[in-house]
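Let's take a walk through a protein together, from the inside out. Keep the picture open as you read.

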Amino acid sequence: MMNYIVNDQSLDAVVFIPFANKIWPGDYDLDKTQAALSKTQNITAYDGKTLAGVLRILTDGYFFGTITELLVHPEYQKQGIGSRLLQLAKDNTPTMLYFGAQPGLETFYEKNGCQKSLQSYMIE
């Protein structure tokens, strides 16, 4: 049975980095990752002790919130974990949530009640 934790303050970079590397391979710095995790509201899904999914929210708690990542371990995809994490985000965030979708995942978000909104831009 999947265990979901809203505002998981115990999410640690030592666990998160190998998990993230299964989805977005990269050379993640341990200290910077831990600092990033401490600045977001983390909603997690665990299968026993195995991290199966993470949704991270960066918010000021009043005006603005953004989903920085919605990640589900490849072995756990297509089991409703991403949908449940998204619902928990909607239920537990005091602001509207804005986010960008990876190309090809638009249908997932629309199926989960999300609406297209602002065009997104970035500054490097």
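Predicted model: local features only at pLDDT ≥ 70, side-chain atom pairs only at ≥ 80, totals over all residues.

Residues are numbered from 1 along each chain as its sequence is written, and side-chain values use heavy atoms, leaving out hydrogens and water.

In soluble globular proteins, nonpolar side chains tend to be buried together. A nonpolar core here is a set of buried Ala, Val, Leu, Ile, Met, Phe, Trp, Tyr and Cys residues joined through side-chain atoms within 4.5 Å; buried means under 20% relative accessible area, exposed over 50%, and partly exposed in between (1.4 Å probe, protein chains only). The largest core has 14 residues, and Ile43, Leu55, Ile57, Ile81 and Leu85 touch the most other members. Helices (H or I, at least four residues) and strands (E, at least two) are DSSP runs, numbered from the N terminus. Apart from this core sits another, of 11 residues, including Ala13, Phe19, Leu37 and Leu51.

Now look at helix 1 (residues 13–23), whose buried residues are Ala13, Phe16, Ile17, Phe19 and Ala20. They pack against helix 2, strand 3 and strand 4, with contact meaning heavy atoms within 4.5 Å.

Finally, find Leu30 in helix 2 (residues 30–38). Leu30 counts as partly exposed because its relative accessibility is 44%.
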